[in-house]
Amino acid sequence: MHAPKDRKEAYRQMRAKQAAERDRARKGMLAGDERYLPARDKGPARKFARDWVDSRRLPSQYFLPFSLLILLATWVPWPIEIRAAVLNIVIAVGWPIMMIGVVVTGVYVAWKVKREVASKLPGESVKGVGFYAAMRALQIRKLRFPPPTVRPGGKPVPPKK
């Protein structure tokens, strides 16, 4: 880069440099590069938790789509008799089953990941790792950040071309 002629040119150069740095950081985060990840995602324990959750299909990852389905079912203008039955099924059966499933899965994932991290990475702190894994398990797989590096079953995700 050349030396700026005036204040406006210096400002433009600074903005271009910041934009390039942001772009590099964004690409690094999407690639899973540890240097560019936020503090909450750094470390071998968090990496292990991400891979553990991403390598499984868990009931809690279907929480958001199921919630949307329930919401849509309550908005459909059914005839009165059918509407009452739908609302009863949704409120009395669907919603409680979903919530119990989410809580049980979250507790299981947190417990299991903490145990696995303690045994496989003995020097690492397990503080917050269980909650981190349980929250990741709640997210729709395609929307997880950092993106999954393993597929369900444990096979690595092929690199994008």
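**Figure 1. Ring pairs link W52, Y108 and W111 into a cluster.** This view, like those that follow, shows a predicted model, in which local features need pLDDT of at least 70 and side-chain atom pairs count only at pLDDT 80 or more, while totals for chains, interfaces and linings use all residues. Residues are numbered from 1 along each chain as its sequence is written, and side-chain values use heavy atoms, with hydrogens and water left out. A pair of aromatic rings is described by the distance of the centres and the angle of the planes. Rings of Phe, Tyr and Trp (for Trp, the six-membered ring) pair if their centres lie within 6.5 Å; planes under 30 degrees apart count as stacked, over 60 as edge-to-face and the rest as tilted. The count by this rule is two aromatic pairs. In one of them, the ring centres of W52 and Y108 are 6.5 Å apart and the planes stand at 50°, so this pair is tilted. W52 belongs to helix α2 (residues 44-54) and Y108 to helix α4, so the pair ties together parts that are 56 residues apart in sequence. Helices here are DSSP runs (H or I, at least four residues), numbered from the N terminus. Y108 and W111 also form a tilted pair, with 6.3 Å from centre to centre and 45° between the planes. Y108 and W111 are three residues apart in helix α4 and are therefore separated by about one helical turn.

Figure 2. Buried means under 20% relative accessible area, exposed means over 50%, and partly exposed lies in between (1.4 Å probe, protein chains only). W52 counts as buried because its relative accessibility is 6%. Y108, at 40% relative accessibility, counts as partly exposed. W111 is likewise partly exposed, with a relative accessible area of 46%.

**Figure 3. Helix α4 bends by about 35° at V90.** The bend at a residue is the angle between axes fitted to the seven residues ending there and the seven starting there. The expected span of a helix is 1.5 Å times one less than its number of residues. At 17% relative accessibility, E116 counts as buried. Apart from its neighbours within four places in sequence, E116 is in contact (heavy atoms within 4.5 Å) with F48, W52 and L121.

Figure 4. The 13 residues of α3 (residues 63-75) should span 18 Å, and the end C-alpha atoms are 19 Å apart, which agrees. F63, S67, I70, A73 and T74 are buried in α3. Cover for the buried residues of α3 includes α4 (80-120) and α5 (129-138).

**Figure 5. Helix α5 is largely enclosed by the rest of the structure, because seven of its 10 residues are buried.** The buried residues of α5 are V129, G130, Y132, A133, A134, R136 and A137. Among the elements that cover them are α2 and α4. The charged end of R46 sits over the ring of Y132, 4.9 Å from its centre. For this description, NZ of Lys or CZ of Arg must be within 6 Å of the ring centre and within 35 degrees of the ring normal.

**Figure 6. S60 is placed in the loop between α2 and α3.** S60 counts as buried, at 2% relative accessibility. Not counting residues up to four places away in sequence, S60 touches V102, T105, A137 and L138. The C-alpha atoms of S60 and M29, which are 31 residues apart along the chain, are separated by 25 Å.

**Figure 7. The segment after α5 includes P146 and G154.** The peptide bond from F145 to P146 is cis, with omega near -10°. G154 is partly exposed, with a relative accessible area of 38%. The C-alpha atoms of G154 and Q61 are separated by 17 Å, at 93 residues apart along the chain.

Definitions and conventions:
Helix = DSSP H or I, 4+ residues; strand = E, 2+ residues; numbered from the N terminus.
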